[in-house]
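This report looks at side-chain packing, chain contacts and aromatic rings. Please keep the structure in view while reading.

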Amino acid sequence: RDTSGSFYEFQASPSSEQGGHRTVYPVKTSLSLLPRLFTSYPQTKTYFPHFDLHHGSAQMHAHGAKVVSAIGDAVKNIDNIKSALSKLSELHAYILRVDPVNFKLLSHCLLVTVAAHFPAEFTAEAHAAWDKFLSIVSSVLTEKYR
Amino acid sequence: MVNWSAEEKHIISAIWAKIDIEEVGAAALTRLLVVYPWTQRYFSNFGNLSSPTAIEGNPRVKNHGKKVLTSFGEAVKNLDNVKATFDKLSQLHSDKLHVDPQNFRLLGDNLIIVLAATLGKDFTSEAQAAWQKLVGVVAAALSRNYH
């Protein structure tokens, strides 16, 4: 719990005022997450035929930010991930239907991204906590599949 | 035979030349044992593995990590012939060590995470992709002689 929380504080930069709402979004990690996934595991691109997948595309950045933000919600509700991600779980089960194998791939890329940006903080224990947390998030997102 | 682009070969050897084998090897094995504690089943004679701190400080873990990564280096030096390079080691892991090949994949991914922590932004998407391919090839070569 402690390690997951403080990572999201590290990641929360910069913050910006947007139409009166304060948006704090994890820039560093969201920028490279999807490029890493698509470069190491090109088969994952099959879920995004409608996207501009060139390096630096606004669509990719926005989507990476969305994913990281949702994971942030799970961090904030770490004792009730099921309920925090309930709508997303339905979305993945009935609409997106991303094969479960891909959650492992994305989780791995997220860990690589975090390790690259926060090497000092990403100790073996932090790594263990994050791996466990992401595997729980993955099972919540796939639990309504059948 | 595996097809390596010139770029992939360059990325792999450049990174290999940069890293401290002893340090990275120890870190990768440490993380395996900490993040996936069930992997400790193969190291019952390694002494104290009772906590992340114990594992991190364990000299047998450090030595073995160095040994494993040094051996991995044979793949780096023989990218066009990884299968043959690990022929005997594959047999050893299957017949004597009885290691579930899934562990090759776990250790490979852990190695990549350690490389990311070591190299930071220099561990680009392209660098990761080349190394993912390498750890996959090594895992396949080590699994090849199981029966």
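## A stacked pair in chain B

F72(B) and W131(B) are both buried. The model is a predicted one. The ring centres of F72(B) and W131(B) lie 6.2 Å apart with the planes at 10°, so the pair is stacked. F72(B) belongs to helix 4 (residues 59-77) of chain B and W131(B) to helix 8 of chain B, so the pair ties together parts 59 residues apart in sequence.

## Aromatic rings in chain A

Over all chains, the count comes to nine aromatic pairs. One of them joins F38(A) and F48(A) edge-to-face, at 5.3 Å centre to centre and 65° between the planes. F38(A) is in helix 2 (residues 27-40) of chain A, and F48(A) is in the loop between helix 2 and helix 3 (58-76) of chain A. Both residues are buried. With F51(A), F38(A) and F48(A) form one aromatic cluster.

## Charges over rings

The charged end of R41(B) sits over the ring of Y42(B), 5.0 Å from its centre. K133(B) lies over the face of W4(B), 5.1 Å from the ring centre.

R31(B) lies in helix 2 (residues 21-35) of chain B. R31(B) is buried but has no salt bridge. The nearest side chain of opposite charge, E56(B), is 6.7 Å away. The side chain of R31(B) reaches the backbone oxygen of T123(A) at 3.4 Å. A polar contact at 3.1 Å joins it to the side chain of H127(A).

Q132(B) sits in helix 8 (residues 125-143) of chain B. Its relative accessibility is 9%, so Q132(B) counts as buried. Q132(B) touches residues including S40(A), Y41(A) and H108(A).

Technical notes. Residues numbered from 1 in each chain as written. Chains lettered and ligands numbered in written order. Predicted model: local features only at pLDDT ≥ 70, side-chain atom pairs only at ≥ 80, totals over all residues. Heavy atoms only, no water. Helix = DSSP H or I, 4+ residues; strand = E, 2+ residues; numbered from the N terminus. Buried < 20%, exposed > 50% of the residue type's maximum accessible area, 1.4 Å probe, protein only. Contact = heavy atoms within 4.5 Å. Lys, Arg positive; Asp, Glu negative; His and termini not counted. Salt bridge = Lys/Arg side-chain N within 4 Å of Asp/Glu carboxyl O. Polar contact = N/O pair within 3.5 Å; in protein donor to acceptor, adjacent residues only side chain to side chain. Phe/Tyr/Trp six-rings, centres within 6.5 Å; stacked < 30°, edge-to-face > 60°. Lys NZ or Arg CZ within 6 Å of the ring centre and 35° of its normal. Lists of a residue's contacts leave out its neighbours within four places in sequence.
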